[in-house]
Amino acid sequence: MRRRAFITLLGGAAAAWPLAARAQQADRVRRIGVLMGHAESDSDAQANVASFRESLQRLGWAEGRNIQIDTRWPIPADVESMQRLAKELVALQPDVILSQITPTTVALLQHTRTIPIIFATVSDPVGSGFVASFARPGGNVTGFTSIEPTMAGKWLELLKEIAPRVARVAFLFNPVTARYAEYFLNPLKAASPSLGVEAIAAPVRDTSELESVVAALASEPNSGLIVMPDSFTDIHRAEITSLAARYRLPAVYPFHQFAEVGGLLSYGNDQRDNHRRAAGYVDRILRGAKPSELPVEAPVKFELVINLKTAKTLGLDVPVQLQQRADEVIE
């Protein structure tokens with residue numbers, strides 16, 4: 001009897017162990033790493049992080065209770081800084097890492113192929129080698145794309161709509177930070193003949209080259225500018241929009257923050273929305289999902305912003321129909 005009682009007791013204790021382990025894991029504070037691609041002083045980047053944190057809270061994750069968030073802010077467009085901070089975050093062994101952009105994802109993957117990584121705004125995850133396909137990422141990385149490649153044709157259409165005389169367009173990007181340039185450049189060149197426009201690439205490797213490129217473009221009549229979604233151009237949006245204004249070049253930009261600092265027109269996805277959605281994937285990872293099981297998702301929310309003040313300075317009349325389609329008109 002004593003032997004049977006002992007076996008029953010032992011069996012009951014063994015059955016309780018997995019339950020205890022699960023309870024202990026549920027009570028464990030989870031660690032989330034965040035690697036941003038912009039300076040901490042960047043108000044738009046701060047808004048993206050705030051959207052991510054707020055979404056996590058709505059999903060039941062609260063700092064100081066069941067999660068700890070370690071955020072790192074690099075020197076803007078500094079590869080060495082991103083590498084150092086990526087190594088720091090990986091050394092903390094977080095349960096999951098949020099990567100903001102393409103360069104931060106490159107940096108993180110050089111230090112881990114096991115910790116789950118969710119990217120928030122990457123342009124070409126397949127071409128960049130982050131995932132095998134949108135439907136089946138296949139590794140420790142998945143997330144959200146920023147803009148579809150066909151958007152390049154849309155930017156060109158918008159530029160012609162707001163500045164019909166444009167016949168030559170330069171596509172501005174940094175080949176170091178935008179290794180995916182062909183992802184947008186090819187669709188742009190494909191769309192240009194039907195709109196009667198010559199499209200050319202305008203690569204710049206640092207800020208010292210910006211003015212010479214813009215000045216050379218402006219020296220040709222009926223020229224315009226399209227700025228590629230790129231961490232370099234985003235970080236230096238104030239300089240780029242200022243140069244476009246000084247040289248009187250009509251220009252289209254990929255995100256609202258360009259129009260807000262004086263850019264003529266912007267059209268692109270809502271980056272804050274991408275960060276909100278990224279929180280949903282982080283939540284699923286913390287609850288047991290694997291990145292390889294979560295498909296890469298395209299953006300769902302876009303915004304068109306027009307700066308009428310800049311249009312007036314450039315002597316452009318913005319069509320009423322275009323203004324009516326805008327999500328925001330800056331006067």
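## Overall composition

The structure is a predicted model. Its protein chain contains 13 helices and twelve strands. Taken along the principal axes, the C-alpha atoms of the protein chain fill a box of roughly 100 × 40 × 35 Å.

Of the 331 residues in the protein chain, 53% count as buried. When contacts between residues at least 6 apart in sequence are considered, 71% of them join residues at least 24 apart.

## Helix α3

Helix α3 spans residues 79-91 and has 13 residues. From its first C-alpha to its last, α3 reaches 18 Å, close to the 18 Å expected at 1.5 Å a residue. At the N-terminal end, α3 is capped by D78, which places a side-chain oxygen 3.2 Å from the backbone nitrogen of E80. Beyond the helix, α3 is followed by Q93, whose phi is positive, near 55°.

The buried residues of α3 are S81, M82, Q83, L85, A86, L89 and V90. The elements that cover these buried residues include the strands β1 (30-35), β2 (67-72) and β3 (96-99), together with helix α4 (102-109).

## Packing of α3 against α4

The axes of α3 and α4 lie 8 Å apart, and the two helices pack at an angle of about 55°. α3 and α4 are therefore oblique to each other, and their crossing is right-handed. On the α3 side the contact is made by M82, Q83, A86 and V90, and on the α4 side by P103, T104, A107 and L108. M82, Q83, A86 and V90 are also among the buried residues of α3.

Helix α4 also holds T105. With a relative accessibility of 0%, T105 counts as buried, because the limit for that class is under 20%. Leaving aside neighbours within four places in sequence, T105 is in contact with S99, F119, V122, F130 and V141. Strand β3 (96-99), one of the elements covering the buried residues of α3, includes S99 in its range.

## Packing of α5 against α6

The crossing of α5 and α6 is right-handed. The residues making the contact are A152, G153, W155 and L156 of α5, and F184, P187, L188 and A191 of α6.

L188 of α6, one of the residues in the contact with α5, is also in contact with A199. A199 is found in strand β7 (residues 198-203) and, at 14% relative accessibility, counts as buried. Apart from neighbours within four places in sequence, A199 is in contact with V169, L188, K189 and S192. The C-alpha atoms of A199 and F171 are separated by 7.3 Å, although these residues are 28 apart along the chain.

## Q46 in helix α2

Q46 is found in helix α2 (residues 43-58). At 32% relative accessibility, Q46 counts as partly exposed. Excluding neighbours within four places in sequence, Q46 is in contact with E40 and W73.

Q46 and M36 are ten residues apart in sequence, and their C-alpha atoms are 9.5 Å apart in space.

## Positive phi values in loops

N222 has a phi near 55°, a positive value in a residue other than glycine. The place of N222 is in the loop between α7 (210-218) and β8 (223-227). With a relative accessible area of 36%, N222 is partly exposed.

R248 likewise is not a glycine, and R248 has a positive phi of about 55°. R248 is found in the loop between α9 (237-246) and β9 (251-253). The relative accessible area of R248 is 49%, so this residue is partly exposed; the exposed class requires a value over 50%.

Conventions:
Residues are numbered from 1 along each chain as its sequence is written. This is a predicted model: local features need pLDDT of at least 70, side-chain atom pairs count only at pLDDT 80 or more; totals for chains, interfaces and linings use all residues. Side-chain values use heavy atoms; hydrogens and water are left out. Helices (H or I, at least four residues) and strands (E, at least two) are DSSP runs, numbered from the N terminus. The expected span of a helix is 1.5 Å times one less than its number of residues. Buried means under 20% relative accessible area, exposed over 50%, partly exposed in between (1.4 Å probe, protein chains only). Contact means heavy atoms within 4.5 Å. A polar contact is a pair of N or O atoms within 3.5 Å; within protein, one must be able to donate a hydrogen and the other to accept it, and residues adjacent in sequence count only if both atoms are side-chain atoms. A crossing is left-handed if the near helix is turned anticlockwise from the far one by less than a right angle, and right-handed if clockwise. Axes are lines fitted to C-alpha atoms, for helices over the stretch in contact, and angles run from 0 to 180 degrees between N-to-C directions. Angles under 35 degrees count as roughly parallel, over 145 as roughly antiparallel, 65 to 115 as roughly perpendicular and the rest as oblique.
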